[in-house]
Amino acid sequence: IYRTAAGAVYLYNSGNVKLQTTAAGVTVTGSVTDDKGDVRKIIKNAQTGASSYAFTAADVGKCISRSGGNVHFPANDGSVLVPGDAITIINNSASNITIDSGTNSWTMYNTADAATGNRTLAARGMATVYVESNAVAYISGSGLS
């Protein structure tokens with residue numbers, strides 16, 4: 001670590017600058033990752049099988065690529081999905097899938113028409129769910145009805 005008289009900070013690894021701060025911001029050389037992976041990518045969680053898949057906290061910020069079966073919200077106890085969480089769903093199949101909100105006390109608003117309830121995601125469709133508050137989510141996407 002090196003700090004200049006002007007206040008810039010440099011972080012080195014093996015003799016190479018990896019992070020630099022300036023009055024304008026921060027510059028990083030190399031990849032930027034967190035516990036979910038590269039922050040410049042949307043990490044895929046491929047799910048297959050006929051049974052329904054429940055969103056988990058590990059899915060937040062990721063894309064669920066679903067081949068077969070449906071997806072549903074977890075129990076509404078505030079421990080899995082919290083305000084600000086977002087999950088993208090891709091229907092990676094030739095059949096419709098259901099995004100189920102009703103059985104676990106969630107209200108899911110379709111941003112196209114403000115309708116609530118379960119949504120159908122058409123074959124090869126893609127949608128994103130955004131958690132607004134405890135038990136309230138919004139969904140938007142292509143192939144969504």
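**A chat about loops, strands and overall spread**

Student: Where does A114 lie?
Tutor: A114 lies in the loop that runs between β13 (107-110) and β14 (119-133). Strands here are DSSP runs of E with at least two residues, helices are runs of H or I with at least four, and both are numbered from the N terminus.

Student: Where do the residue numbers and the model come from?
Tutor: This is a predicted model, where local features need pLDDT of at least 70, side-chain atom pairs count only at pLDDT 80 or more, and totals for chains, interfaces and linings use all residues. Residues are numbered from 1 along each chain as its sequence is written, and side-chain values use heavy atoms, leaving out hydrogens and water.

Student: OK, back to A114. Buried or exposed?
Tutor: A114 counts as exposed because its relative accessibility is 52%. The cut-offs are under 20% for buried and over 50% for exposed, with partly exposed in between (1.4 Å probe, protein chains only).

Student: And what is phi of A114?
Tutor: Near 70 degrees, which is a positive value in a residue other than glycine. Most residues other than glycine have a negative phi.

Student: What about S14?
Tutor: Phi of S14 is near 55 degrees, also positive in a residue other than glycine. S14 sits in the loop between β2 and β3 (16-22), and it counts as exposed because its relative accessibility is 71%.

Student: Which strands form the open sheet?
Tutor: Four strands do, in the order β1-β2-β3-β4, with antiparallel pairing. The edge strands, β1 (2-3) and β4 (25-28), each pair on one side only. To count as a pair, two strands need at least two bridges found by DSSP.

Student: How many bridges join β1 to β2?
Tutor: Two, and β2 covers residues 9-13. Within β2, Y10 is the bridge partner of Y2.

Student: Which residues does V26 contact?
Tutor: V26 is in strand β4. Leaving aside neighbours within four places in sequence, V26 is in contact with L19, Q20 and T21; contact means heavy atoms within 4.5 Å. V26 counts as exposed because its relative accessibility is 56%.

Student: How many helices and strands does the chain have?
Tutor: Zero helices and 15 strands. The chain is more spread out than a compact globule, because its radius of gyration is 20 Å, well over the 15 Å that the globule rule gives for 145 residues. That radius is taken over C-alpha atoms, and the rule is 2.2 Å times the number of residues to the power 0.38.

Student: What box do the C-alpha atoms fill?
Tutor: Roughly 60 × 30 × 25 Å, taken along the principal axes.
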